[in-house]
Amino acid sequence: MMQSKYVLGIAAVGAAMAVIVAWLIMPGRYDGDLYIQASILIVSANLAVSVTLTILYAYIYTQVPTRFSLALLLVMFTLLLYSVTSNPLLHAACGFWHTNTNYLTILPNLFASVALWALAYISLE
């Protein structure tokens, strides 16, 4: 079973890699917008934790194929898709750049982050 320090490490590496990618592919647009930077960090950390927990719950489902473990797997897959589609890097890659990003646009990602970290804490105890 994975330990909680690995999930934290995976989230930190995922967020750092996303920031590096953002600086490389969007150098002019990325600089100076604190909300975009914060959103990229939060969503990328959420994505890393979502991937980790989806793999963990898939493993649990193969070991204990119950409806509850299947429901956990589906919830994690949904949170994974949310993390992918709410990432500003994906929006920029598709040609849609957020010019009106503010603190209200970051709040849903913060709430998802709290939920993911609670699931990670409970799952890795």
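## Overall make-up and confidence

What share of the contacts in the chain with a separation of 6 or more is accounted for by residues 24 or more positions apart? In this predicted model, such pairs account for 76% of those contacts. The chain has 6 helices and 0 strands, and from the N terminus on its elements therefore read simply as α-α-α-α-α-α, with each α standing for a helix as defined by a DSSP run. Of its 125 residues, 36% count as buried.

The confidence of the prediction should be kept in mind while looking at the structure. The chain averages a pLDDT of 78, and 74% of the residues score at least 70. Within the chain, confidence is lowest in helix H2, residues 27-30, where the mean is 55, and it is highest in helix H4, residues 67-85, where the mean is 92.

## How H4 and H6 pack

Two packed helices are described by the angle between their axes and the distance between the axes. For H4 and helix H6, which spans residues 103-123, the axes come within 12 Å and cross at roughly 145°, and the crossing is left-handed. On the H4 side the contact is made by Met76, Leu79, Tyr82 and Ser83, while H6 contributes Pro108, Asn109, Ala112, Leu116 and Leu119. Sorted by type, the residues of this contact divide into 7 nonpolar, 2 polar and no charged.

## Asn109, a buried residue of H6

Asn109, found in helix H6, is one of the residues that make the contact with H4. Is Asn109 buried or exposed? Its relative accessibility is 3%, and because buried means under 20%, Asn109 counts as buried. Leaving out residues up to four places away in sequence, Asn109 touches Ser39, Ile42, Val43, Asn46, Tyr82 and Ser86.

## The largest nonpolar core

In soluble globular proteins, nonpolar side chains tend to be buried together. In this chain, the largest nonpolar core holds 10 residues in all, namely Val49, Leu53, Leu56, Tyr57, Leu73, Met76, Leu79, Leu116, Ala120 and Leu124. The elements that give two or more residues to this core are helix H3, residues 34-63, together with H4 and H6, and the largest share, 4 residues, comes from H3.

Several members of the core, including Met76, Leu79 and Leu116, also take part in the contact between H4 and H6. Another core member, Leu73, is in contact with Thr54, Tyr57 and Ala58 when its neighbours within four places in sequence are left aside.

Methods
Residues numbered from 1 in each chain as written. Predicted model: local features only at pLDDT ≥ 70, side-chain atom pairs only at ≥ 80, totals over all residues. Heavy atoms only, no water. pLDDT = per-residue confidence, 0-100. Axes fitted to C-alpha atoms, helices over the stretch in contact; angles between N-to-C directions. Left-handed = near helix turned anticlockwise from the far one by under 90°. Contact = heavy atoms within 4.5 Å. Nonpolar A, V, L, I, M, F, W, Y, C, P; charged D, E, K, R; others polar. Buried < 20%, exposed > 50% of the residue type's maximum accessible area, 1.4 Å probe, protein only. Core = buried A, V, L, I, M, F, W, Y, C linked by side-chain atoms within 4.5 Å.
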